[in-house]
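Visitor: I would like to learn how to read a few features of a structure, one after another. Could we open it and begin with a helix?

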4 protein chains.
Amino acid sequence: MEKIKVGILGATGAVGQRFAVLLADHPWFEVTALTGSDRTVGQTYAEGCRWVLPVEMPDYVRNLAVLPTEPGMDAQILFSALPADNAREAEPRLAEAGYAVFSNASSHRMWPDVPLLIPEVNHEHIALVEVQRKQRGWKGFVVPLPNCTTTGLAVTLKPLLDRFGVRFVLMTSMQAMSGAGRSPGVIGLDILDNVIPFIPKEEEKVQRETQKILGTLGECGVAPAQFAVSCTCTRVNVLDGHTESVFASLDADVTEAEVAAAMRDYDGGLCALGLPTAPPRFIHVHDDPYRPQPRLDRDMNNGMTTVVGRLRKDAALPNGMKYVLVSHNTKMGAARGAVLTAELLVKQGLIN
Amino acid sequence: MEKIKVGILGATGAVGQRFAVLLADHPWFEVTALTGSDRTVGQTYAEGCRWVLPVEMPDYVRNLAVLPTEPGMDAQILFSALPADNAREAEPRLAEAGYAVFSNASSHRMWPDVPLLIPEVNHEHIALVEVQRKQRGWKGFVVPLPNCTTTGLAVTLKPLLDRFGVRFVLMTSMQAMSGAGRSPGVIGLDILDNVIPFIPKEEEKVQRETQKILGTLGECGVAPAQFAVSCTCTRVNVLDGHTESVFASLDADVTEAEVAAAMRDYDGGLCALGLPTAPPRFIHVHDDPYRPQPRLDRDMNNGMTTVVGRLRKDAALPNGMKYVLVSHNTKMGAARGAVLTAELLVKQGLIN
Amino acid sequence: MEKIKVGILGATGAVGQRFAVLLADHPWFEVTALTGSDRTVGQTYAEGCRWVLPVEMPDYVRNLAVLPTEPGMDAQILFSALPADNAREAEPRLAEAGYAVFSNASSHRMWPDVPLLIPEVNHEHIALVEVQRKQRGWKGFVVPLPNCTTTGLAVTLKPLLDRFGVRFVLMTSMQAMSGAGRSPGVIGLDILDNVIPFIPKEEEKVQRETQKILGTLGECGVAPAQFAVSCTCTRVNVLDGHTESVFASLDADVTEAEVAAAMRDYDGGLCALGLPTAPPRFIHVHDDPYRPQPRLDRDMNNGMTTVVGRLRKDAALPNGMKYVLVSHNTKMGAARGAVLTAELLVKQGLIN
Amino acid sequence: MEKIKVGILGATGAVGQRFAVLLADHPWFEVTALTGSDRTVGQTYAEGCRWVLPVEMPDYVRNLAVLPTEPGMDAQILFSALPADNAREAEPRLAEAGYAVFSNASSHRMWPDVPLLIPEVNHEHIALVEVQRKQRGWKGFVVPLPNCTTTGLAVTLKPLLDRFGVRFVLMTSMQAMSGAGRSPGVIGLDILDNVIPFIPKEEEKVQRETQKILGTLGECGVAPAQFAVSCTCTRVNVLDGHTESVFASLDADVTEAEVAAAMRDYDGGLCALGLPTAPPRFIHVHDDPYRPQPRLDRDMNNGMTTVVGRLRKDAALPNGMKYVLVSHNTKMGAARGAVLTAELLVKQGLIN
């Protein structure tokens, strides 16, 4: 099979660099276009990019020319690492021009005709892609990725919702620094020997996006899930991997063992599809009470598995269940998740 | 006024060292006895003690002799920094012999005739001291301090309970390493770039102790508070200061401003008593959403004030309210809290 | 005695804030002027300043008006926390107008008619102040503070130079993050679980400034000390306090005990002067091989004492001696050091 | 080729676990024996071992029985992760019985008939193996690995010594916590926001071992290299990877470029041998002044390459040259280095 040509928008930043690394040997995709800021356009990628990742820059990108973020790229799929402000304007223009745009930006997540996809959770929402195309008269489309803190929560709630029903959810996150980026992100002086109890706009995103992801597809959009989500988001001195302490009130009175089994069995119908980036399982449940830990668990299955532990009944809530999860915020929760989503749409025949 | 003679049990460990420091210039108390393990008995404190605190060893203790932990000490009050195993056996024996024993150990906290005191929260529970003496035929008594994670939670819930009523409480803690001590406590290799989601027995203690502290004094003990408490306790890479993310369901529908006012006004009838260790206020409420932070807030008023922030209504719970608190686990939550408690009992005429 | 009026230039930044805190109760100085950027001029300090220090903003500065950095301030002494670019232009203009300017910026440190003062090391260099005034026709003068990494090295080398002679010095620093400021300073993602082996321009500054500080005053300037200084400067995950590993080749073959005594006895003729900010001793030498440690030792005597340990003969060098030092980079090495220097010049009658 | 049977001594500890992981798919070696403490003998490895590594326990070891550390194991090669006390007694006994013992313990490093091998540095010292066998009448032999701090220093000095001559070397290390193990190793409370300036016995080991490794093989042992080595060893808050700041005085006056070329070209005659664990190059030299950093560079070529940067002439020393290196203390400096050494001896026909 000939590889599908893909581009990376905003390729010189940290998120763009992660796309460049993980697309290096992709069996279906081939990077043929990279875009950057005006300053870097016309340079080679190696010239225009201050590399910040611990792995080395892959050879294949070194000599690619940095292009402007405009139609005319020789690619079908575009992975967007653009900042929200640029994304808001550029991504719709590129979708209109026919590209399939997978975006890490928050700009379009809550549009009614845009699916907020986590492949193993809500792939039926893909149907919105056609709604989007038709309503807007676009040849391409935009599919945004959820916020990285939402992803682990939604993945673990899905089997609970399907099997036992969910009344409401309370979550406290302990988020890694890589979620804040590098401009300047979290300052070393602020986080050493410390916890920062606030991340602007994060809690609203998690609450809203979780309901959309777990909502029901209707004629003209997604009806949000009816259970309430409330959270407190904090930053801790961790490089990668968001830890979340979850308290859930379920519809049914179930045991820890039943919940663990529901999570372990869950594959969202995805494992049979043979997507290259899909992990062998989407949720791993530890019995060891000292797990999950972000440093030890974030990279399970290349960071594509959400790792759960400390599953216990919660006596304070009606049918209460509590657990802790770790999700890799820059892998499943960002670039890798975007690639998995693109693979799914290719498999479903939406990109060709 | 002549100073009251006090002893420190287990004086050579880290907790004992903190007692030695903070009693150095106490206006009411004078340290006249120090006890240590068999190995150190007979040595001077300076010889027997491997000092681990960042401040220097106070001169007054250097040449005091280390005594065995037995009756015969020339002191009325004993502050106990004994490990739980030793405390279980030694503290009752010393109470029987007439000493007023204030203990950091968990051994006796749940005895029905033992008050679990936080002076600004439940000083009426002091009445149990007489019950304890009478029932056991002791001349002295044992008053244990609550677990350090319980303290900040109980202090902040008290004004909510008094004014608005509490239905249930869910809490996720991010606890400092000093809570685990040094034998070996938290290993550097385990906590760097990490969160550890489990602290053995901690959650049970917080749940049980919070209900006792906020319970109602009856004829023969404390009837535990009727609201449920559920928590998940984690360890983060912080030296001192426990951070807790609290979600509470109240009886009344109140605003953030009403809750903030209730907390700010709260003094538990203590400020008028003139206790030397009492802070000017027991709860500080920040409006800045980036606070409280353990490094910036743990030392407010010598670590005796519980610092609250991020007070918001919680839409997921009935009359939901959520907030974040920071409490200094080795000050208010340990040695300093014990001294404040002793001051209260002196003021009330129970020690003389 | 009536207090001397002082101003703080660039008062709204982190360094300026430290000046505001430490001048709050100064027995000789009274802050009467604060300057800030164009954006903040006309606001009160409380309005114009985003406070970043762990201690609270002192009340006395809250309502002071932020002024432009220009002549016309009602003050004799100006403590400058201006960035180097602004300092280069503004400080000479203010010195010309009659102010005594004490500067943290590196701009003027190497001017031949400018003394680079550490009060306990080279107060005889003060004579350059008159040279500076005369040559330039200024009514006031500029006195810069050395780089914070230079200070601890120069303080500890001075008694060695005086008593035993120094041939050359090799130093590796492990510097705290606060030395890099907050714009953005050291990014949390870069320093966690890491060491950064390079700090731009730092090594050249330390080498050059050490020689000037320890040099000999002549008719028309300072003849740099003749021994070579070579260093490698690194950044480690520490908040405050620079640690330096020093290898020195001396002129004389001396014992560790002789070197320790030379350091302990050293007071640079300063202790007799009664300067308010001077510590009881300038160098503390630990016998415990595990010290100095930045967290435990940086605050000795309010951060004004350089703390030394691990003093050992070095067999690889002629008359080799090696040691480790900790110096508080934002106290002795910055704001507090500037205040001590100003106190010295007041005492010497150069400001009145 | 049939695989050579190997055993792991002290297999249940952290170092033993690393051996178990890296021998999982070794092309030449097959693990057939594991030993542990009396408590664990008779259990399976999965039962007897508290696994502490971030990667999972390899399946092949799970059901191997834990044996006592005694002759009778079905293996030719033994990799020893025994603590020094046990190693001192057990390793000679096993060597006598015919095993080729490769040891991480410091016990036998300085014996005159024991080679202290780093394969790419001094493989000619292998000749001592026959001396050892003959003198002691042993069928097998003991080959210890150098201290992990020595390794990076010796590897980088070797090309300088060969090409330019070395007069003396001064080194300051910033060592990772994994070097201290877990019993309890470095306590989190001690290292957060801190540097610890002392590691017992470390400096003596580095000085002595570097001279032996770089010494000249004679009839009856190694004549130590004649240049002096002096160091100060500190601990920093880093998981893995020792950073060392090196100042060297050479015999010849050479440029940075010549030194960089000497290091880059160096392969110690090893690359041609086709050893499975050998990296493509032994020394990597960065031009980027911000490198090497332990977190970014420790894993280059599976942690087998020593990474150098900040190469500069040093004006303070005769023919001075200074640089910074990062070496992975638990890979090249421990288990992986031991496996490479065993591969070399197999290739040379000393094990068959």
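Visitor: Which residues of helix α10 (residues 256-265) of chain D are buried?

Guide: Bearing in mind that this is a predicted model, the buried residues of α10 in chain D are Val259(D), Ala260(D), Ala262(D) and Met263(D). They span an arc of only 160 degrees around the axis, which places them on the same side of α10(D). On the other side of α10(D), Ala257(D) and Asp265(D) are exposed.

Visitor: What covers the buried residues of α10(D)?

Guide: The cover includes, from chain D, the helix α7 (148-164) together with the strands β12 (283-285), β13 (306-314) and β14 (320-327).

Visitor: How is a pair of aromatic rings described?

Guide: One gives the distance of the centres and the angle of the planes. In this structure, a search over all chains finds 24 aromatic pairs. In one of them, Phe102(B) and Phe141(B), the ring centres are 6.1 Å apart and the planes stand at 90 degrees, so the pair is edge-to-face. This pair links distant parts of the chain, since Phe102(B) belongs to strand β5 (residues 100-103) and Phe141(B) to strand β6 (residues 141-144) of chain B, 39 residues apart. Both Phe102(B) and Phe141(B) are buried. In chain A, ring pairs join Phe19(A), Phe29(A), Phe79(A), Phe102(A) and Phe141(A) into a cluster.

Note on methods. Residues numbered from 1 in each chain as written. Chains lettered and ligands numbered in written order. Predicted model: local features only at pLDDT ≥ 70, side-chain atom pairs only at ≥ 80, totals over all residues. Heavy atoms only, no water. Buried < 20%, exposed > 50% of the residue type's maximum accessible area, 1.4 Å probe, protein only. Helix = DSSP H or I, 4+ residues; strand = E, 2+ residues; numbered from the N terminus. Arc of directions from axis to C-beta. Contact = heavy atoms within 4.5 Å. Phe/Tyr/Trp six-rings, centres within 6.5 Å; stacked < 30°, edge-to-face > 60°.
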